[in-house]
Amino acid sequence: MRITELLDKKSVKLDAAPKSKNEALDMAVDLMADSGKIKDKEAYKKLVYAREEESTTGVGEGIAIPHGKGDCVENPGLAAMVIKDGVDFASLDDEPVNILFLIAAPDTEDNVHLDVLSKLSMMLMDEDFRNNLINAKDVDEFIEIIDKADEERADVDESLAETSIADDNSDSLKVVAVTSCPTGIAHTYMAAEGLEKAAEKAGVKIKIETRGSSGAKNVLTDEDIAAADFVIVTADAKVPMDRFKGKKVVQRKVADGINKADELMALAKAGDAPVFSGDSSEEGEAAKSEESGGTGHKVYTWLMSGVSHMLPFVIGGGILVAIAFLVDTIAGYGASGGGDFGSITPLAALLKYIGGLAMGLMVPVLAGYIAYAIADRPGLAVGFVGGMLASSGNAALSGFTFAEGTLMDGKALGAFSQFLSKFAFQQPNGGNTVSGFLGGIAAGFLAGFLVLGLQKACEKLPQAMDGLKPTLIYPLVGIFLEGVIMCFILNPVIGVVNTGLSNMLTAISDAGMLTVLGLILGAMMAIDMGGPINKAAYVFGTGMLTTAAGYLEQGMSASDPKVEACYVAMAAIMVGGMVPPVGIALACWIFPKKFTKAERGSAVSNVVMGASFITEGAIPFAAADPLHVIPCTMVGAGVAGFLAALFKCTLMAPHGGLFVFATVGNPLLYIVSWLVGSAVTCVMLGFLKKNVEQ
């Protein structure tokens, strides 16, 4: 079937100017409907959008090839748009799309759309062909350009089969390659075309196996592989790898076959790849590629393992806590609940209890799955324990019999016991030792590398002890070492830092520097989002409320400067804590390329948590990219705290966000402070955060 047989003149638009990806898709669907090829336009549109959710069809080089297959399609068809000014399509190379082909295929077994799409996608890799289409004067010329190129070019299978290397006796470098993507359509064949062109340019003989939706084509034979000097696998789906044992193999994402083919061919010519050991019959996907072997990428992958597992706890628990505040507000306790707000009514208390437990698991899960990513299953238990120590801090000794320096029988503690009791544990009335999510990250990496070290140390143990390693040695020794390092190093050090922070805040408050105090308190709330610095600021604020209550009991009025300063401090703290989740949510909507699909999907829940003064909603984002996210949230929250103090906004409740705005003085200016701070965070993220690798 010729490509132009599927392309009706009514379904071609040469002057399209959509403003967004969705608008471009909608316009293309309308063109397809104009051709009369589909029976149910809305049903077909849902198929197109559903396919786009799997992965972007913006394949790079200014090309997008969306498609839909289903019973709503009466006859196979194509729609085409030329977008001369380009449109953001979340493409693999982040470049705007200038040419869009939409495919409609009936739900039949002939897979005609796959064959057409495969050939069309390979044709579009030709820059001259693309430019000719973009510059076509009218629809007739557009169709004529496609028909001519279709006629001159061999079919996909014929084109690839001509590249067999088994019988090549020349001195040229010989390469075999495999391309594959999860849906097995455009990306698979465009990667094959990209590699073929790069090989021709480099003077390399190549044979390429494509593993698409219609099965493996141009399959590499044993003779091809034996003759090959180098193997290139560009795949986002699993491919059989045992056949390449003993060969130099480079593995990359399928997108690299499209956009980095020249780089891959340079690696082949240099012989720059490890020899494949053949330990697994089916090696991994892009995540196991040579590129992903870099230290930076590995660290990011380990970190994201923890973040992705932590995210459901943040969202589920955080929203339950927010609903608890809402329930108490509806019950009429918004202005009078005080410190018990959110757990006054039975339903609110239940929701807050369940949500609080879920959120309490955030840091242990984060640490556990970072360790799991580094050291596999043996790292999980060690990481969880490290995370628990980070989120709970060291045990307070005031309830123990040796808290006063003696044992139960009155004997004085020895030097070593004194060291343990006074250094490793939080003393009565001592500083806070909770290290929060930053401590959790450290605990996760620490656990992973401790277990790797134990595995290395146990390599020479007798084989009879293999069963004891994962069940006894790794958890016992690993948890002990993890606990010692957390208790003796990380948590005590953070306790000293917190004591200094508290003293500093008190001095600033006593000096009457309210705007400076508001700036600092707001920023502190956004540095570690629920961690020790955040908690130091919050504890200071609740202490100020207690101080205000004492002043009122002494006969001072609520308008007295000393009382007002206490309430201003609490207002700066809460508005600072409300900024990070909302600022990040705004950035997810305004700068979507900066965030992963999962992160963008949590934007609404972040607004809910931010409005409820649950700063922890920002933790997954900060954990995934702390060097860029934390400065942005810190500055935005600091601005909000500064403005709230400048406007003399006050707050008489210790928690609740929007639900306690009845206790806020100057509420309109308080909202302005919150929104301005959130906007600052959003804009900074847009400028500083790098585009994510989709």
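Which residue stands opposite K69 in strand 6? A105 does. Keep in mind that this is a predicted model, in which local features need pLDDT of at least 70 and side-chain atom pairs count only at pLDDT 80 or more, while totals for chains, interfaces and linings use all residues. Residues are numbered from 1 along each chain as its sequence is written, and side-chain values use heavy atoms, with hydrogens and water left out.

**Around strand 6**

Let's stay with strand 6, residues 97-106. Helices (H or I, at least four residues) and strands (E, at least two) are DSSP runs, numbered from the N terminus. Strands pair if DSSP finds at least two bridges between them.

| Partner of strand 6 | Bridges | Direction |
|---|---|---|
| Strand 3 (residues 63-64) | 2 bridges | parallel |
| Strand 4 (residues 67-70) | 4 bridges | parallel |
| Strand 5 (residues 77-87) | 7 bridges | antiparallel |

As for who faces whom, I63 sits opposite I99 of strand 6, and G77 sits opposite A104. Strand 6 is also mostly covered, with 9 of its 10 residues buried. Buried means under 20% relative accessible area, exposed over 50%, and partly exposed in between (1.4 Å probe, protein chains only).

**Helix 5**

Next up is helix 5, residues 139-152. At the start of helix 5, a side-chain oxygen of D138 comes to within 3.3 Å of the backbone nitrogen of D140.

**Loops worth a look**

D376 isn't a glycine, yet its phi is positive, at about 65 degrees. You'll find D376 in the loop between helix 13 (362-375) and helix 14 (378-392), partly exposed at 47% relative accessible area. N666 is another non-glycine with a positive phi, of about 60 degrees. N666 lies in the loop between strand 15 (664-665) and helix 25 (667-688) and is partly exposed, at 37% relative accessibility. G656, in the loop between strand 14 (650-651) and strand 15, is buried with a relative accessible area of 0%. C-alpha to C-alpha, G656 is 8.6 Å from M574, although 82 residues separate the two in sequence.

**Aromatic rings**

The whole structure holds 6 aromatic pairs. Rings of Phe, Tyr and Trp (its six-membered ring) pair if their centres lie within 6.5 Å; planes under 30 degrees apart count as stacked, over 60 as edge-to-face and the rest as tilted. Y369 and Y372 are edge-to-face, because their planes are at 65 degrees, with ring centres 5.8 Å apart. These two tyrosines are 3 residues apart in helix 13, about one helical turn. Y369 is partly exposed at 21%, and so is Y372 at 29%.

F595 and F621 also form an edge-to-face pair, with centres 6.0 Å apart and planes at 75 degrees. F595 lies in the loop between helix 20 (561-590) and helix 21 (597-601), and F621 in helix 23 (residues 619-624), so this pair ties together parts 26 residues apart in sequence. Both F595 and F621 are buried. Elsewhere, ring pairs link W302, F445 and F449 into a cluster.

Technical notes:
The expected span of a helix is 1.5 Å times one less than its number of residues. A polar contact is a pair of N or O atoms within 3.5 Å; within protein, one must be able to donate a hydrogen and the other to accept it, and residues adjacent in sequence count only if both atoms are side-chain atoms.
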